[in-house]
Amino acid sequence: MAGLLLTGTLSHAVDLNALWDFRQPLRSLGRLDEALQLQQRLAADNTAAGTPDPYVLDELAELHRAQGREPEARAAAAQAAALRAMR
């Protein structure tokens with residue numbers, strides 16, 4: 001993933017989809033730090049746009065859990081559950 005630069009030439013939606021698409025292969029390859037960084041950006045962008053996504057938070061929880069960060073995993077999972085309860 002080194003060298004990947006998402007620029008303003010892509011629409012915001014395409015940019016966010018690209019982040020989602022890159023996260024899974026990185027996680028599968030054990031590149032958890034990179035996958036976590038992308039997922040955190042995706043979560044922050046969704047929140048800033050006023051469209052937080054429970055699926056993004058679920059994946060964030062899984063990435064934290066895979067890195068042994070259980071408190072962060074529980075926090076992300078709780079946020080996802082709260083969003084689902086509001087729908």
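Contact here means heavy atoms within 4.5 Å. With that in hand, welcome to a short tour of a predicted model. The protein has four helices and zero strands, and from the N terminus on its elements run α-α-α-α. Of its 87 residues, 31% are buried. Among contacts with a separation of 6 or more, 51% join residues 24 or more positions apart.

**The nonpolar core**

- The largest nonpolar core holds 15 residues, and the members touching the most others are Ala-43, Leu-57, Leu-60 and Leu-63.
- At least two residues of this core come from each of helix H2 (32–48), helix H3 (54–66) and helix H4 (70–86).
- Helix H2 is the top contributor to this core, giving six residues.
- As background, nonpolar side chains tend to be buried together in soluble globular proteins.

**How H2 packs on H3**

- A pair of packed helices is described by the angle between their axes and the distance between the axes.
- For H2 and H3 the packing angle is about 150°, and their axes lie 10 Å apart.
- Angles over 145 degrees count as roughly antiparallel, and H2 and H3 are therefore roughly antiparallel to each other.
- The crossing of H2 and H3 is left-handed.
- On the H2 side, the contact is made by Leu-32, Ala-35, Leu-36, Gln-39, Gln-40, Leu-42, Ala-43 and Asn-46.
- On the H3 side, Val-56, Leu-57, Glu-59, Leu-60, Leu-63, His-64 and Ala-66 make the contact with H2.

**How H3 packs on H4**

- H3 and H4 meet at an angle of about 165°, with their axes 8 Å apart.
- With the cut-off for roughly antiparallel at over 145 degrees, that angle makes H3 roughly antiparallel to H4.
- H3 and H4 also cross in a left-handed way.
- From H3, the residues making this contact are Pro-54, Tyr-55, Leu-57, Asp-58, Leu-60, Ala-61, His-64 and Arg-65.
- From H4, the contact draws on Glu-70, Glu-72, Ala-73, Arg-74, Ala-76, Ala-77, Gln-79, Ala-80, Leu-83 and Arg-84.
- The residues of the contact of H3 with H4 divide into 10 nonpolar, two polar and six charged.

- Ala-61 sits in helix H3 and is buried, with a relative accessible area of 3%, because buried means under 20%.
- Beyond its neighbours within four places in sequence, Ala-61 is in contact with Ala-73, Ala-76 and Ala-77.
- Ala-61 and Ala-73 are 12 residues apart in sequence, yet their C-alpha atoms are 4.0 Å apart in space.
- Ala-80 belongs to helix H4 and is buried too, at a relative accessible area of 0%.
- Ala-80 touches Pro-54, Leu-57 and Asp-58, again not counting residues up to four places away in sequence.
- Ala-80 and Val-56 are 24 residues apart in sequence and 8.2 Å apart in space, C-alpha to C-alpha.

- Asp-58 lies in helix H3 and is partly exposed, with a relative accessible area of 27%.
- Setting aside residues up to four places away in sequence, Asp-58 touches Ala-80 and Arg-84.
- From Asp-58 to Ala-73 there are 15 residues in sequence and 8.6 Å in space, C-alpha to C-alpha.
- Tyr-55 is found in helix H3 and counts as exposed because its relative accessible area of 55% is over 50%.
- Tyr-55 and Ala-43 are 12 residues apart in sequence, with 9.7 Å between their C-alpha atoms.

Terms used
Residues numbered from 1 in each chain as written. Predicted model: local features only at pLDDT ≥ 70, side-chain atom pairs only at ≥ 80, totals over all residues. Heavy atoms only, no water. Core = buried A, V, L, I, M, F, W, Y, C linked by side-chain atoms within 4.5 Å. Buried < 20%, exposed > 50% of the residue type's maximum accessible area, 1.4 Å probe, protein only. Axes fitted to C-alpha atoms, helices over the stretch in contact; angles between N-to-C directions. Parallel < 35°, antiparallel > 145°, perpendicular 65-115°, else oblique. Left-handed = near helix turned anticlockwise from the far one by under 90°. Nonpolar A, V, L, I, M, F, W, Y, C, P; charged D, E, K, R; others polar.
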